[in-house]
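Hi there,

Here is the structure I promised to pass on. Have a look at it first, and my notes follow below.

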Amino acid sequence: MRVHVADHPLITHKLTVLRDVDTPSPVFRALVEELMTLLAYEGTRGVRVEPIDIVTPVSPTTGVRIADPKPLIVPILRAGLGMLEGMVKLLPSAEVGFLGMARNEETLEPTTYAERLPDDLSDRQCFVLDPMLATGGSLAAAIEFLLKRGATDVTAICILAAPEGLAFVEEQLHGQDVTIVLGALDERLNEQGYIVPGLGDAGDRLYGTV
Ligand code: URA
């Protein structure tokens with residue numbers, strides 16, 4: 001597993017405003033989108049491209065275009081939805097699938113409660129969006145789900161992570177080749193499973209406490 005923490009003053013600046021308890025929902029939503037565009041730039045360094053011949057007003061030349069099959073963006077419901085617009089802005093030709101993960105209150109295992117994805121993900125490059133990598137349970141389950149469907153290349157993009165969650169995902173993936181791009185790696189998880197210092201409940205701050 002490769003972990004890349006995006007290190008850029010603009011990201012840290014926007015993250016600071018995002019973390020602030022006094023930042024209202026509309027500003028929070030706009031900042032998540034902006035941060036996501038910056039993280040998408042980092043996260044798509046390995047996006048597959050193919051050569052294409054074009055003619056400029058001056059001469060013929062060869063450039064690149066996004067290769068087929070198109071990349072698949074998979075926001076994890078609900079908070080991952082807040083990251084989607086920022087990602088498609090940078091990768092408009094990508095397709096979008098959805099995955100809803102929740103914890104089964106009896107077994108405490110993450111389960112899939114909603115899924116809209118192609119059956120066969122062979123050879124697809126997948127970009128999973130989940131803002132908070134806390135315990136790592138739902139992210140690990142989501143990545144495993146995609147790998148079982150045949151995805152060969154998975155990048156998860158998270159705004160914040162706790163070291164405990166990263167370690168859990170690594171352990172669950174048993175050496176599978178996955179990349180995780182983070183806006184910041186925070187200190188720890190608290191007893192309630194919140195990232196510290198974190199930003200609170202990302203879903204609630206994006207969409208309210210419904
Ligand atoms: N999910 C969140 O939204 N925030 C946390 O701090 C942990 C999990």
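How do the residues of the shell around the ligand divide into nonpolar, polar and charged? There are five nonpolar, two polar and one charged, where Ala, Val, Leu, Ile, Met, Phe, Trp, Tyr, Cys and Pro count as nonpolar, Asp, Glu, Lys and Arg as charged, and the others, Gly among them, as polar.

Before going on: this is a predicted model, in which local features need pLDDT of at least 70 and side-chain atom pairs pLDDT 80 or more, while totals for chains, interfaces and linings use all residues. Residues are numbered from 1 along each chain as its sequence is written, and side-chain values use heavy atoms, without hydrogens and water.

Now the ligand. Around it are M132, A134, G193, Y194, I195, G200, D201 and A202 (each with a heavy atom within 4 Å of it). Polar backbone atoms of I195 and A202 each lie 2.8 Å from an oxygen atom of the ligand, and one of G200 is 2.7 Å from a ligand nitrogen; polar contacts here are pairs of N or O atoms within 3.5 Å. The protein buries 82% of the 230 Å² that the ligand exposes when taken alone (Shrake-Rupley method, 1.4 Å probe).

Elsewhere, the whole structure has twelve salt bridges (a side-chain nitrogen of Lys or Arg within 4 Å of a carboxyl oxygen of Asp or Glu). One of them pairs E34 with K14, with the closest N and O atoms 2.6 Å apart. Because E34 lies in helix α2 (residues 25-43) and K14 in helix α1 (residues 9-19), this pair ties together parts 20 residues apart in sequence (helices are DSSP runs of H or I, at least four residues, numbered from the N terminus).

Best wishes

Methods. A polar contact is a pair of N or O atoms within 3.5 Å; within protein, one must be able to donate a hydrogen and the other to accept it, and residues adjacent in sequence count only if both atoms are side-chain atoms. Helices (H or I, at least four residues) and strands (E, at least two) are DSSP runs, numbered from the N terminus.
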